[in-house]
Amino acid sequence: MSIFVRSTTFGYNRVRKMRDQPFIHTALLQETAGDPGRGRVRCLTCERRCVIPPGEVGWCRTRQNQGGSLVTLTYGAISSLSANPIEKKPLHHFYPGSVALTAGSYSCNFSCPWCQNWEISKCPPDGGKFYSPAHFVAEAINRGCQGTSISFNEPTLSLEWSLEVFRLARQAGLYNTFVTNGYMTEAALERLAERGLHGMNVDVKGNAESVHSYCKADVEVVWRNLLRAQELGIWVEITTLVIPGVNDEMEVLATIASRILHDLGPCTPWHLTRYHPAYRFTTPPTPVQTLEQARAVGREMGLQYVYIGNVPGHFAENTYCPSCGQMLVQRWSMWKVKVNVPGGRCPSCGERIPGVGWNWEERAP
Ligand code: SF4
């Protein structure tokens with residue numbers, strides 16, 4: 001990931017200084033909160049639904065009430081930009097081997113103390129480099145990418161910019177993806193789908209207790225949005241960063257597997273990724289054995305595609321046919337991808353393999 005701007009200190013005064021910069025844009029989803037005379041506004045971008053008094057910012061610090069109207073402070077404010085393999089998201093059943101121009105901005109609406117991208121996600125709006133949606137999409141085309149991805153920090157906070165990027169990218173024949181904690185409102189999710197969000201990787205960070213305690217969030221919202229995304233025709237894959245002492249008990253992981261199975265179906269890919277110490281967490285990395293045990297639990301429960309991530313060269317990076325065991329996609333450290341799913345089917349037994357864009361090299365998205 002290339003990071004343009006790294007901020008180590010920040011105060012709300014700096015938020016106020018950004019008013020004249022190009023990053024200010026009217027927030028799409030907002031409503032008056034309570035007595036109109038008090039000028040308070042409710043943000044309807046994510047399920048925190050912050051009520052923000054005049055002059056103040058919401059929980060994520062990317063939205064400010066300016067004179068009774070909410071604005072985003074991060075429209076086109078790019079902290080990081082890089083062309084990434086789609087496997088990095090990770091999305092394993094979505095245009096495998098393709099490359100997505102990926103952009104991140106600043107801040108987050110969760111409080112995870114282990115954040116692997118904390119340099120930008122724990123950093124409030126801090127300028128960055130401005131990319132208009134048209135510039136970003138042109139850059140994706142120039143770099144030979146097949147799609148776009150909004151990632152690195154929480155993309156929901158870049159809702160307005162993403163909508164315009166998706167509109168232009170879809171027109172240009174590119175796909176669009178989000179890597180998200182899945183905490184947007186249904187209204188935000190529906191708008192993203194309308195504009196051409198094709199695929200999402202959503203973090204399910206643990207059970208209700210751990211998500212509430214560490215992320216200060218309600219995991220039921222995430223499950224609701226996963227289901228809604230499927231209904232809207234968005235391809236969905238799930239990631240759980242397995243963290244020792246937080247969510248590495250097999251009972252907890254079995255609960256997640258069971259929910260995926262019953263709510264979303266056995267073909268929904270589940271990525272068990274290895275944690276490394278970051279931000280406020282110094283716990284040593286997750287033992288690979290724990291990930292393998294969790295994968296076995298998921299598969300025994302009936303999930304057909306359970307992957308292990310952040311362990312380069314591990315056999316569970318690959319896709320295997322759930323019917324005959326044939327290797328269908330071979331991966332090594334994201335860039336080396338060999339795909340053998342002709343017509344979306346196993347070449348050995350003919351089993352249909354769920355996913356999108358298996359043969360994108362033969363057909364434009
Ligand atoms: S996007 Fe930010 S300001 Fe809006 S509800 Fe979520 S946390 Fe609050």
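Touching, or contact, here is C-beta atoms, placed from the backbone, within 7 Å. Quick caveat: this is a predicted model, with local features needing pLDDT of at least 70, side-chain atom pairs counted only at pLDDT 80 or more, and totals for chains, interfaces and linings using all residues. Numbering runs from 1 along each chain as its sequence is written.

Now, the largest nonpolar core has 89 residues, and Val236 and Leu272 touch the most other members. A core is a set of buried Ala, Val, Leu, Ile, Met, Phe, Trp, Tyr and Cys residues joined through C-beta atoms within 7 Å; buried is 20 or more other C-beta atoms within 10 Å of a residue's own. Helix H4, residues 159-171, gives the most to this core, with 7 residues (helices are DSSP runs of H or I, at least four residues). The core also draws at least three residues from each of domain 1 (12-72) and domain 2 (77-344), with bounds from an automatic or database assignment.

How far apart are the C-alpha centres of those domains? They lie 28 Å apart. Across the boundary, 19 residues of domain 1 contact 18 of domain 2.

Last, the ligand: 13 residues surround it, the closest being Cys43, Cys46, Cys50, Gly58 and Cys60, where near means a backbone-placed C-beta within 6 Å.

Methods
Two residues are in contact if their C-beta atoms, placed from the backbone, lie within 7 Å. A residue is buried if 20 or more other C-beta atoms lie within 10 Å of its own, exposed if 12 or fewer, and partly exposed in between; C-beta atoms are placed from the backbone. Helices (H or I, at least four residues) and strands (E, at least two) are DSSP runs, numbered from the N terminus.
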